Amino acid sequence: MIRKILPHPYLTLMLVVVWQMLVNKLTLGNLVLGLVLGLIIPILTAPYWPNRPRLGSLPRIVEYMVIVLWDIVVANIQVALIILFKRNADIRPTWITVPLELHSPEAITVLAGTITMTPGTVSSDLSADGHSLLVHCLHAPDPDAVREQIKTRYERRLKEIFE
């Protein structure tokens, strides 16, 4: 019964929060409308999600979000320092192929989004077989270290959350 009303509880919560951020005004009417949208949209889209991903524990998800937010702040400072103080000749942009151990399309999407949200890196392409991700780095004097950081800092945690 509860699965029919809340087929995707995290999506419902996210829709309510995003709706509140979009209207930028907390009123009872806006909250009710956000709840209605948060309940109706997942019910209408449930048939399109037959193999819903299973998520790990909430503390691991929160830990991942905190790490990503911290990395975004640190990367913003690093990119600013590169832009302001490095000569163009000293900047080492490079393409890195990150082999993936993730199998879930949702986990791979979150990893690619995380890499792109972190300033200085952009996920560019996923291999046809889904086993590697192509990433562009603004400045990577040691590409192996960047690859290893992505795998240990993000992919390992996403594997614990999604698989």
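Reader: In which strand is Ser123 found?

Author: Strands (E, at least two residues) and helices (H or I, at least four) are DSSP runs, numbered from the N terminus. Ser123 belongs to strand β2, residues 121-126. This is a predicted model, in which local features need pLDDT of at least 70 and side-chain atom pairs count only at pLDDT 80 or more, while totals for chains, interfaces and linings use all residues. Residues are numbered from 1 along each chain as its sequence is written, and side-chain values use heavy atoms, with hydrogens and water left out.

Reader: Is Ser123 buried or exposed?

Author: Buried means under 20% relative accessible area, exposed over 50%, and partly exposed in between (1.4 Å probe, protein chains only). Ser123 has a relative accessible area of 16% and is therefore buried.

Reader: What does the side chain of Ser123 reach, and with which residues is Ser123 in contact?

Author: A polar contact is a pair of N or O atoms within 3.5 Å; within protein, one must be able to donate a hydrogen and the other to accept it, and residues adjacent in sequence count only if both atoms are side-chain atoms. Here the Ser123 side chain lies 2.9 Å from the backbone oxygen of Ala112. Contact in general means heavy atoms within 4.5 Å. Neighbours within four places in sequence aside, Ser123 contacts Ala112, Ile115, Thr116, Leu133 and Leu134.

Reader: Which residues of the largest nonpolar core touch the most other members?

Author: A nonpolar core is a set of buried Ala, Val, Leu, Ile, Met, Phe, Trp, Tyr and Cys residues joined through side-chain atoms within 4.5 Å. The largest one has 24 residues, and Val98, Leu111 and Leu133 touch the most other members. At least two residues each come from α4 (58-85), β1 (94-99), α5 (105-117), β3 (132-137) and α6 (143-162). The largest share, six residues, is that of α6.

Reader: How is Leu111 placed?

Author: Leu111 lies in helix α5 and is buried, because its relative accessibility is 0%. Beyond four places in sequence, Leu111 contacts residues including Leu100, Leu133 and Ile150.

Reader: How do the axes of α4 and α6 cross?

Author: Two packed helices are described by the angle and the distance between their axes. Axes are lines fitted to C-alpha atoms, for helices over the stretch in contact, with angles from 0 to 180 degrees between N-to-C directions. The axes of α4 and α6 come within 10 Å and cross at roughly 160°. Angles under 35 degrees count as roughly parallel, over 145 as roughly antiparallel, 65 to 115 as roughly perpendicular and the rest as oblique; α4 and α6 are therefore roughly antiparallel.
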